[in-house]
Amino acid sequence: MAEATVLPIVGPALAKYTRAVNLSKFGGNELTLQEVLCHDSRKDCWVVIYDRVYDVTDFLDKHPGGADLLLEYAGRDASVAFRSSGHSNTALSLLEKFFIGELPPHERIFRKTGGFKLSDIPE
Ligand code: HEM
């Protein structure tokens with residue numbers, strides 16, 4: 001099968017979410033939702049935000065919104081929760097630190113051709 005192209009999400013409202021992330025650090029590592037679901041505990045907590053996977057285990061107790069809020073999304077998609085909490089650019093930059101991979105193209109919602117535009121999600 002041909003290699004799928006990862007398209008950036010577009011539009012001014014999305015600009016701050018499309019900051020360059022050092023994907024090469026993980027060699028374009030693909031992680032499926034099924035794999036993410038295996039990391040759903042306080043000791044091992046992954047979340048998906050805008051089709052990217054983050055290991056936030058070490059951040060749980062440092063999260064200003066509390067560990068419990070994050071744990072509600074352990075092993076799951078937290079995109080809408082993250083956005084609707086009105087996180088700052090600092091929070092967005094922090095994400096980069098926890099980045100471990102991306103969903104495969106067929107499991108993505110945002111970062112794909114014709115993908116969901118963030119501006120369509122109510123605040
Ligand atoms: C997983 C990645 C996340 C990171 C890196 C992160 C980071 C942060 C940071 C740095 C703040 C301080 C305020 C700011 O700079 O925006 C914050 C606050 C907050 N976060 Fe998160 N957050 C994450 C996920 C979530 C999720 C999934 C929720 C779910 C609702 C959430 C809810 C909140 C709330 C309610 C606050 C405000 C706390 C307060 O002001 O008392 N966060 N977060």
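Tutor: Strands (E, at least two residues) and helices (H or I, at least four) are DSSP runs, numbered from the N terminus. This is a predicted model, where local features need pLDDT of at least 70, side-chain atom pairs count only at pLDDT 80 or more, and totals for chains, interfaces and linings use all residues. Residues are numbered from 1 along each chain as its sequence is written.

Student: In which sense do strand E2 and strand E3 pair?

Tutor: Two strands pair if DSSP finds at least two bridges between them. Strand E2 (residues 44–49) and strand E3 (residues 52–55) are antiparallel, with four bridges. Isoleucine 49 is opposite arginine 52 in E3.

Student: How many bridges join E3 to strand E5?

Tutor: Three, and these two strands also run antiparallel, E5 covering residues 99–102. Here arginine 52 is opposite glutamate 102.

Student: Which residues are closest to the ligand?

Tutor: A residue counts as near a molecule if its C-beta atom, placed from the backbone, lies within 6 Å of it. The ligand has 19 residues around it, and Pro64, Gly65, Ser85, Ser88 and Ala91 are the closest. Helices H2 (67–71), H3 (79–84) and H4 (89–98) are the elements that each give two or more residues to this shell. H4 gives the most, four residues.

Student: How many helices and strands does the protein have?

Tutor: There are four helices and five strands. From the N terminus, their order is α-β-β-β-α-β-α-α-β.
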